[in-house]
Amino acid sequence: MNSRAVFFLIFLLCAGLLGVAFYMEHVMGLEPCPLCWLQRFGFMAAGIVSLLAALHGPHGFGARVYGLLLSVSAGAGLAMAGRQLWLQSLPADQVPACGPSVDYMLDVLPWMEVLTTALKGTGDCAEVTWRFLGLSIPGWTAIFFLLLVIVGLVMLFRPPRKPEWLQG
């Protein structure tokens, strides 16, 4: 499969996952916590990188650069999902206090303070509100982010293809 097709499929996956996230928020009524928002940004970044790569259709060095960018953006999302899974595993007495909603924080706090608070996570991030096959939302996002990191690393380290005229 060529790099353009791989990156386009990754773009579609990220768009689909973001669609599921917005469905869960607006239809199912699940309010996203600060770490959920950061995971969404991770999927947005991976999707944008993949869309640009699909439009560009890189070969060789270009595909490696896009693979690195995909791995970095998905790796950041994986770190956020891991942080939320860690918060969800804490005993109730060690869970941090719940904080205000992201919308409120964006209205009243400087963006760096919002980012710092989001990275730490709040008690809202430790709450498990939905499960599928025994995994919570950050468990599923961690799986998808790990998949994206692996694909990005494969794109980064795969051997270059020979030109068609050299293939026999």
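Leaving aside neighbours within four places in sequence, which residues is G42 in contact with? The partners of G42 are S73 and F145, where contact means heavy atoms within 4.5 Å. The place of G42 is in helix α2, helices being DSSP runs of H or I with at least four residues and strands being runs of E with at least two, both numbered from the N terminus. With a relative accessible area of 7%, G42 is buried; buried here means under 20% relative accessible area, exposed means over 50%, and partly exposed is in between, with a 1.4 Å probe and protein chains only. G42 also pairs up with G77: the two lie 35 residues apart along the chain, yet their C-alpha atoms are separated by 4.6 Å.

A word on the model itself. This is a predicted model, in which local features need pLDDT of at least 70, side-chain atom pairs count only at pLDDT 80 or more, and totals for chains, interfaces and linings use all residues. Residues are numbered from 1 along each chain as its sequence is written, and side-chain values use heavy atoms, with hydrogens and water left out.

Taken as a whole, the protein chain comes to seven helices and two strands. Read from the N terminus on, the order of elements is α-α-α-α-α-α-β-β-α. Of the 168 residues in the protein chain, 39% are buried. Among contacts with a separation of 6 or more, 82% come from residues 24 or more positions apart.

Helix α1 (residues 3-26) has two packing partners to look at here. Two packed helices are described by the angle between their axes and the distance between the axes. Axes are lines fitted to C-alpha atoms, for helices over the stretch in contact, and angles run from 0 to 180 degrees between N-to-C directions. With helix α3 (residues 61-89), the axes of α1 come within 11 Å and cross at roughly 20 degrees. That makes α1 roughly parallel to α3, on a scale where angles under 35 degrees count as roughly parallel, over 145 as roughly antiparallel, 65 to 115 as roughly perpendicular and the rest as oblique. α1 passes α3 in a left-handed crossing, meaning that the near helix is turned anticlockwise from the far one by less than a right angle (clockwise would be right-handed). On the α1 side the contact is made by S3, F7 and I10, and on the α3 side by A63, Y66, G67 and L70. Sorted by class, these residues are five nonpolar, two polar and no charged; Ala, Val, Leu, Ile, Met, Phe, Trp, Tyr, Cys and Pro count as nonpolar, Asp, Glu, Lys and Arg as charged, and the others, Gly among them, as polar.

S3, V6, F7, I10, L13, C14, L17 and M24 of α1 make the contact with I137, F144, L147, L148, V151 and M155 of α7. By class, the contact of α1 with α7 has 13 nonpolar residues, one polar and no charged.

Buried in α7 are P138, G139, T141, A142, F145, L148, V149, G152, M155 and L156. Their cover includes α1, α2, α3 and β2.

S71 is in α3 and counts as buried at 9% relative accessibility. Beyond four places in sequence, S71 touches V149, G152 and L153. Setting aside residues up to four places away in sequence, Q84 touches C33, L35, C36, Q39, C125 and P138. The C-alpha atoms of Q84 and G139 are separated by 8.8 Å, although the residues are 55 apart along the chain.

Finally, two backbone details. Just after α2, G57 takes a positive phi of about 65 degrees. L133 also has a positive phi, near 55 degrees, in a residue other than glycine. L133 is in the loop between β1 (131-132) and β2 (135-136), and counts as exposed at 70% relative accessibility.
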